Amino acid sequence: MNYFDLHCDTPYVCYKNQISFYDNKTAVSAESAKHFDVWKQCFAVWIKDDMQNPFAYYKKVLNSFKQSLSTSPKNLIPFFTVEGGAVIEDDISRLSQLKADGISALTLTWNGKNNIACGCKEKGGITSFGKLVIKEMNRLKIICDISHLNEQSFWDVIKISNNIIATHSNCKALFNHPRNLSDEQLMAISEKNGVIGLCCYPEFLGMDVFEGIYANIVHLLNLGLEDNIAFGSDFDGAEMDKKLDSAEKIPDLMAFLLQKGLKEELLDKIFYNNSEKIFVCL
């Protein structure tokens with residue numbers, strides 16, 4: 001199968017523990033490649049909202065991880081993202097540096113508040129500086145990831161951003177968690193031709209992980225969003241159910257979804273084609 005995952009935190013885990021991408025104890029590693037024909041993986045550098053010297057830290061993590069990927073499997077095509085807009089501090093020119101580093105997408109906040117916007121655990125919307133950031137991201141063609149935003153910030157961003165995705169979020173109608181998205185938000189993403197990366201984290205699903213992913217797919221299909229469903233595991237970023245705690249278990253999920261009656265053509269969209277259409281335009 002072909003596999004496109006919009007979000008994992010493997011660079012952080014490798015840097016923190018001083019291990020290589022070839023260490024198969026991580027949920028996403030070079031060993032994962034043998035399970036896929038074509039594998040496109042978004043590797044996120046995680047930045048806390050209140051981190052000290054976040055840009056310097058980002059550079060260390062990214063450069064270390066890129067070096068680790070220097071002899072990566074031939075079927076792996078890596079993309080790089082940043083989870084946390086605090087990375088640019090208060091310097092909008094840093095966005096050009098992110099672009100030069102090959103950053104494809106920027107998650108505007110983590111769960112808290114930064115100079116750009118407010119995350120799901122805070123109140124408030126996008127800042128004046130944040131509006132300038134979004135416009136510059138539009139110009140540079142850096143994708144705006146709205147996972148982690150609160151609702152006010154989400155709707156503020158929708159008005160400005162040209163390129164919106166949710167890399168790792170699920171449906172609030174199925175489980176009312178602050179990190180999940182309402183039907184109105186899901187529809188707004190689709191109207192921007194974005195995608196919603198379904199996340200494996202049990203706390204966002206509220207049910208058995210396989211059944212939860214299936215239920216989220218069905219809900220999105222009922223909203224008419226077949227072309228907007230994607231996959232964003234959050235592997236190496238959260239404690240997962242053992243049934244689905246690493247990339248090597250994605251084929252098991254695929255088999256389960258086929259058994260539930262979903263067509264292979266649809267699953268090809270979800271696990272690869274829908275995301276590939278977004279990133280091929282960068």
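Start with helix H10 (residues 264–279), which lies across E1, strand E2 (39–46), strand E3 (76–83), strand E4 (103–107), E5 and E6, at about 70 degrees to E1. The labels come from DSSP runs numbered from the N terminus, with helices being H or I of at least four residues and strands being E of at least two. For that angle, axes are lines fitted to C-alpha atoms, for helices over the stretch in contact, and angles run from 0 to 180 degrees between N-to-C directions. Contact, here and below, means heavy atoms within 4.5 Å.

Some housekeeping before going on. This is a predicted model, where local features need pLDDT of at least 70 and side-chain atom pairs count only at pLDDT 80 or more, while totals for chains, interfaces and linings use all residues. Residues are numbered from 1 along each chain as its sequence is written, and side-chain values use heavy atoms, with hydrogens and water left out.

Now the sheet under that helix. It is an open one of 6 strands, ordered E1-E2-E3-E4-E5-E6, with parallel pairing. The edges belong to strand E1 (3–8) and strand E6 (164–165); each has a single partner strand, so one side of each has no neighbour in the sheet. Two strands pair if DSSP finds at least two bridges between them. E2 and E3 share 8 bridges in the parallel sense, and Trp39 has Leu76 in E3 as its bridge partner. Moving along, 4 bridges join E3 to E4, again parallel, with Thr81 partnered by Ala105 in E4. Strand E5 (residues 143–145) pairs with E6 in the parallel sense over 2 bridges, and there Asp145 stands opposite Ile165.

How covered are these strands? Buried means under 20% relative accessible area, exposed means over 50%, and partly exposed is in between (1.4 Å probe, protein chains only). E3 is mostly covered, with 6 of its 8 residues buried. In E4, 5 of the 5 residues are buried, so the strand is largely enclosed by the rest of the structure.

Next, the aromatics. Rings of Phe, Tyr and Trp (its six-membered ring) pair if their centres lie within 6.5 Å; planes under 30 degrees apart count as stacked, over 60 as edge-to-face and the rest as tilted. By this rule the count comes to 21 aromatic pairs. Tyr3 and Phe36 make a stacked pair, at 4.6 Å centre to centre with 25 degrees between the planes. Tyr3 is in strand E1 and Phe36 is in the loop between helix H1 (10–17) and E2, so the pair ties together parts that are 33 residues apart in sequence. Tyr3 counts as buried at 0% relative accessibility, and Phe36 does too at 6%. Phe36 also forms a tilted pair with Trp39, at 5.9 Å centre to centre and 45 degrees between the planes. One aromatic cluster includes Tyr3, Phe36 and Trp39, along with Phe80 and Phe271 among others.

A charge sits over a ring if NZ of Lys or CZ of Arg is within 6 Å of the ring centre and within 35 degrees of the ring normal. The charged end of Lys66 sits over the ring of Phe80, 5.2 Å from its centre. Likewise, the charged end of Lys243 sits over the ring of Phe210, at 4.7 Å from the centre.

Phe210 takes us to helix H8 (residues 209–222), where it is one of the buried residues. H8 has 14 residues and reaches 20 Å from its first C-alpha to its last, close to the 20 Å expected at 1.5 Å a residue; the expected span is 1.5 Å times one less than the number of residues. The buried residues of H8 pack against helix H6 (183–191), strand E7 (196–198), helix H7 (202–205), strand E8 (229–231), helix H9 (250–259) and H10.

Finally, some loops. Asn228, in the loop between H8 and E8, counts as buried at 10% relative accessibility. Leaving aside residues up to four places away in sequence, Asn228 touches Ser190, Asn193, Gly194, Val195, Ile196 and Asn274. Asp234 lies in the loop between E8 and H9 and has a positive phi of about 70 degrees although it is not a glycine. Glu89, in the loop between E3 and helix H3 (94–100), has a positive phi of about 55 degrees, also without being a glycine. Asp234 is buried at 6% relative accessibility, whereas Glu89 is partly exposed at 28%.
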